Amino acid sequence: MIHRQKLKALSAREEQRFIAEHARSAEMYERAKDSLLGGVPMNWMKKWAGAFPIFVAHAKGAHFTDVDGREYVDLCLGDTGAMTGHSPDVVAETIAKRVREGITLMLPTEDSLWVGEELKRRFGLPCWQFALTATDANRFAIRIAREITQRPKVLVYNYCYHGTVDESFATVRDGAVVPRRGNIGPPVNPAETTRVVEFNDLNAFEDALKHGDVAVVLAEPAMTNVGIILPDDGYWKAARELTRKYDALLIADETHTICAGPGGCTREWRLDPDIVVFGKPIGSGIPGSTYGVTEEVAQRIAARIHLEDCDVGGIGGTLAGNALSLVAMRVTLEKVLTAGAYEKMIPLAKRFNDGVAEGIKEHSLPWNVIQLGARAEYHFTEKPPRNGGESAAAADFELERFLHLYALNRGVLLTPFHNMALMCPATSEADVDLHTKIFKQAAAELVA
Ligand SMILES: Cc1ncc(COP(=O)(O)O)c(C=O)c1O
């Protein structure tokens with residue numbers, strides 16, 4: 001059992017160490033307060049463990065250095081945006097060339113064909129479009145689904161995250177759909193736009209679809225943003241039959257689950273979605289995302305969207321499909337996130353998983369750890385949670401913050417806001433073992 005007083009004392013000690021060792025970051029944070037809202041370029045950067053965020057000097061492969069000259073093993077990897085490793089040489093060289101040859105034109109380049117063909121090969125869906133963020137790809141996919149089904153609602157899982165998609169910031173409380181805690185200025189009450197069910201509950205899923213108003217189910221094949229939650233055996237087969245029975249479409253948001261393999265869970269688990277979304281690492285961190293649709297969806301879109309109106313439909317963006325993001329996607333898919341890279345990354349995630357599992361056992365902690373392809377994550381529950389509600393209920397902000405700060409002070413960056421580690425092609429066994437050592441040390445201090 002974790003004693004709260006001890007946790008507080010350990011956290012205070014780590015906080016002091018953090019402040020003492022990050023003088024330049026502290027200075028920059030003070031300076032930032034003069035010009036940046038809340039002293040950070042992005043609101044949630046405030047939430048990193050530690051009194052202020054560390055400012056980065058440079059990053060390469062699986063490592064980065066902060067402005068105080070401290071080096072880190074990066075197991076966060078830009079929350080998957082840098083799953084390729086930071087600035088792979090081949091990407092840096094290719095995009096530097098493109099930067100000199102035209103960045104954005106509102107016209108296609110040949111790279112878009114290569115990328116479309118490769119995505120078709122990887123995921124099995126025939127028709128692809130591009131956007132700049134996974135959020136936008138999800139938003140556009142939802143619009144298409146609403147348009148072709150002429151239905152208003154989106155079905156999501158409790159405590160899902162799909163980017164800043166308005167419809168998805170909803171939870172279920174006592175059976176009712178309510179705005180999720182922290183939902184900033186919801187445009188409408190999400191109960192009007194959204195149905196929410198727990199993952200792995202087929203009865204609830206069917207009940208929600210029975211209303212006949214769900215255009216589309218927006219789902220990660222395995223939940224990854226409230227900890228990793230795997231689907232029960234047979235869940236997706238049954239869920240897919242239900243979406244067909246009730247004429248709802250299915251979006252597989254593979255933005256994080258691309259860690260499962262080169263074609264995400266869609267390929268690994270032979271899912272059969274109507275739409276696939278993939279963003280973040282697709283361009284090694286150069287903004288870009290994609291959504292692909294089945295032949296049937298493509299035909300239904302063609303039947304409803306006409307040439308004269310195709311520029312005003314709430315889908316797109318001036319910079320979407322630009323030459324730079326497409327060449328970044330091409331080189332990433334061709335040279336970095338290859339089948340060979342996964343063969344290296346997945347065993348490393350297993351090594352991480354096994355190291356943490358050992359630490360949990362050695363110190364008899366009531367925690368568990370789960371792996372999904374190239375990522376792994378520990379939860380503060382004895383058994384892996386089966387749905388978002390269960391996982392969210394087991395969150396422990398204080399404990400999580402302590403473990404993150406403890407790791408950070410010793411040179412390891414974990415994904416913030418949960419306990420996730422992701423491997424990139426440049427991650428080494430030594431990087432993983434450093435985390436294992438630190439994790440065991442933290443566990444020993446907690447239970448001592
Ligand atoms: C599953 C999933 N989809 C979409 C997004 C949104 O990505 P972005 O913030 O790049 O738009 C995220 C972000 O974490 C995500 O986890």
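Let's start where Leu399, Phe402, Leu403, Tyr406 and Ala407 of helix α13 touch Ile438, Gln441, Ala442, Glu445 and Leu446 of helix α14, contact here meaning heavy atoms within 4.5 Å. By class, this contact has eight nonpolar, one polar and one charged residues (Ala, Val, Leu, Ile, Met, Phe, Trp, Tyr, Cys and Pro count as nonpolar, Asp, Glu, Lys and Arg as charged, and the others, Gly among them, as polar).

A quick word on what you're looking at: this is a predicted model, where local features need pLDDT of at least 70 and side-chain atom pairs count only at pLDDT 80 or more, while totals for chains, interfaces and linings use all residues. Residues are numbered from 1 along each chain as its sequence is written, and side-chain values use heavy atoms, with hydrogens and water left out.

Two packed helices are described by the angle between their axes and the distance between the axes. For α13 (residues 397-409) and α14 (residues 429-447), the angle is about 130 degrees and the axes are 10 Å apart. Axes are lines fitted to C-alpha atoms, for helices over the stretch in contact, and angles run from 0 to 180 degrees between N-to-C directions. Helices are DSSP runs (H or I, at least four residues), numbered from the N terminus. The pair α13 and α14 is therefore oblique (under 35 degrees counts as roughly parallel, over 145 as roughly antiparallel, 65 to 115 as roughly perpendicular and the rest as oblique).

Next, follow α3 (residues 89-101) to α10 (residues 323-336): their axes come within 9 Å and cross at roughly 155 degrees. So α3 runs roughly antiparallel to α10. On the α3 side, the residues in contact include Val90, Ile95 and Arg98, and those on α10 include Leu324, Val331 and Lys335. That contact divides into 10 nonpolar, two polar and two charged residues.

Now for α6 (residues 202-210) and α7 (residues 235-245), whose axes come within 10 Å and cross at roughly 15 degrees. That makes α6 roughly parallel to α7. Leu202, Phe205, Glu206 and Leu209 of α6 meet Tyr235, Ala238, Ala239, Leu242, Thr243 and Lys245 of α7.

Finally, the ligand: 13 residues surround it, and Thr135, Asn225, Asp253, His256 and Lys280 are the closest (a residue is near a molecule if one of its heavy atoms lies within 4 Å of it). A polar side-chain atom of Thr135 sits 2.5 Å from a ligand oxygen atom, and one of Asp253 sits 2.6 Å from a ligand nitrogen atom. For His256, an N or O atom of the side chain is 3.2 Å from an oxygen atom of the ligand.

Conventions. Helices (H or I, at least four residues) and strands (E, at least two) are DSSP runs, numbered from the N terminus. A polar contact is a pair of N or O atoms within 3.5 Å; within protein, one must be able to donate a hydrogen and the other to accept it, and residues adjacent in sequence count only if both atoms are side-chain atoms.
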